[in-house]
Amino acid sequence: MDEAVGDLKQALPCVAEAPAVHVEVLQRGGSTAKKEDIKLSVRKLLNRHNIVFGDYTWTEFDEPFLTRNVQSVSIVDTELKAKDPQPIDLSACAVTLHIFQLNEDGPSSENLEEETENIIAANHWVLPAAEFHGLWDSLVYDVEVKSHLLDYVTTTLLFSDKNVDSNLITWNRVVLLHGPPGTGKTSLCKALAQKLTIRLSSRYRYGQLIEINSHSLFSKWFSESGKLVTRMFQKIQDLIDDKEALVFVLIDEVESLTAARSACRAGAEPSDAIRVVNALLTQIDQIKRHSNVVILTTSNITEKIDAAFVDRADIKQYIGPPSAAAIFKIYLSCVEELMKCQIIYPRQQLLTLRELEMIGFIENNVSKLSLLLSEISRKSEGLSGRVLRKLPFLAHALYIQAPTVTIEGFLQALSLAVDKQFEEKKKLSPCI
């Protein structure tokens, strides 16, 4: 137990004098090197680079051992809480290494056999999964959503380890992310599961992510859906019983499972919905007793969620459309990727939003392109994150159609793509 608490303290944000820095080390798939040997080599690498400026990733190494066994070394999440990011002196920090290998297998299906059909009740991933690699970094939010979620889960583990009496202080291991469609709620749940599996790799050997197919659990026969929910959670219980696994249960669009019982009593919904809600709440109450499980839920329509379920959610986090500042970060990452792939060529340096603020947004030869990107970001407000990630592709497809383009040409095309998106949205609005 003491060793487990020690691992957890390393994963928790540091409240002592030395700030905590997390370094994620992606071990190559075919590598059989011992983690301790990799840690020694990575620490030597970090000792040669004491000062870093925020997140940083190495993919090329001078040392042959690292080249053979490690795909990347990344200093991560340095800006999650930093209001004013400063250079980081690694020699003065509590550096924690997280060594992991990606599972290349895709999702498997969890099936429930009914009398005349086979119901695909859930998708199942073993984490960390190659499919979710990089997803956490791609999600940009204005408030400290990511750090709050990480802190929440590590606190649930700490309270369990310390045997806090749950009759006196309660927590249910349930997170509810709500907001309009396209804001990245489901992606954030999957990214959080991946991140925590890596962050707590010294404690749990691997992660399990079960994404429940809410709609499939409604049977065509009354009274059967409640039984299906119970059977699904019996399968989940089998995964939880493996204490070497950190288990995440993802219920997307949870309102479809927890349709308000008040509507049922009014006769607006079939009585089957009441059984489903009761079965779901009962199962949540049973599995919350286990320290290695987290229930992640999303909803587009929170007013339709059963009040008893909302009460069980420890965190109810609103995820809204990104602000102009968040949009700028999204676009900047897209432009960097296209420059890396040499679709935008030649490569040119763009300033971050913070760098633009430091020079007072004054236009000169260095800041001109970044200010243009900032202007495009401001006029993109109101678009969802899902749409924003598509726009660089649409800009190229609709207005460039050439193997390479200058950054000036690309930004012009991106601006046109934004205008077109709002035009289409306006034309579609009467139909929605």
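Two strands pair if DSSP finds at least two bridges between them. Helices (H or I, at least four residues) and strands (E, at least two) are DSSP runs, numbered from the N terminus. The model in these views is predicted, so local features need pLDDT of at least 70, side-chain atom pairs count only at pLDDT 80 or more, and totals for chains, interfaces and linings use all residues. Residues are numbered from 1 along each chain as its sequence is written, and side-chain values use heavy atoms, with hydrogens and water left out.

**View 1. Four strands make an open sheet in the order S3-S4-S1-S6.** The pairing here is mixed. Look for the edge strands, S3 (56–58) and S6, each of which pairs on one side only. From one strand to the next, the twist averages 15°; for such angles, axes are lines fitted to C-alpha atoms, for helices over the stretch in contact, and angles run from 0 to 180 degrees between N-to-C directions.

**View 2. Strand S1 (residues 20–27) has bridges to S6 and to S4.** How many of the eight residues of S1 are buried? Seven are, so S1 is largely enclosed by the rest of the structure (buried means under 20% relative accessible area, exposed over 50%, partly exposed in between, with a 1.4 Å probe and protein chains only).

**View 3. Helix H2 (residues 35–47) lies across S1, S3, S4 and S6.** H2 runs at about 135° to S6.

**View 4. Seven strands form an open sheet in the order S7-S8-S10-S11-S12-S9-S13.** Its pairing is mixed. Strands S7 (108–113) and S13 (315–318) stand at the edges with a single partner each, so one side of each has no neighbour in the sheet. Neighbouring strands are turned by 20° against each other on average, direction ignored. Between S11 (residues 245–251) and S12 (residues 293–299) there are five bridges in the parallel sense, and Val 249 has Ile 295 of S12 as its bridge partner.

**View 5. Helix H6 (residues 185–199) packs on the seven-stranded sheet.** H6 touches S8, S9, S10, S11 and S12, and its direction makes about 175° with that of S11 (contact means heavy atoms within 4.5 Å). Of the 15 residues of H6, 14 are buried.

**View 6. Helices H13 (residues 368–379) and H15 (residues 407–428) pack at an angle of about 10°.** Their axes are 10 Å apart. H13 and H15 are therefore roughly parallel to each other (angles under 35 degrees count as roughly parallel, over 145 as roughly antiparallel, 65 to 115 as roughly perpendicular and the rest as oblique). Among the residues making the contact are Leu 369 and Ile 376 of H13, and Leu 411 and Phe 422 of H15.

**View 7. Ser 160 lies in helix H5 (residues 145–161).** Is Ser 160 buried or exposed? Ser 160 is buried, with a relative accessible area of 16%. Leaving aside neighbours within four places in sequence, Ser 160 is in contact with Trp 171, Arg 173 and Ser 291.
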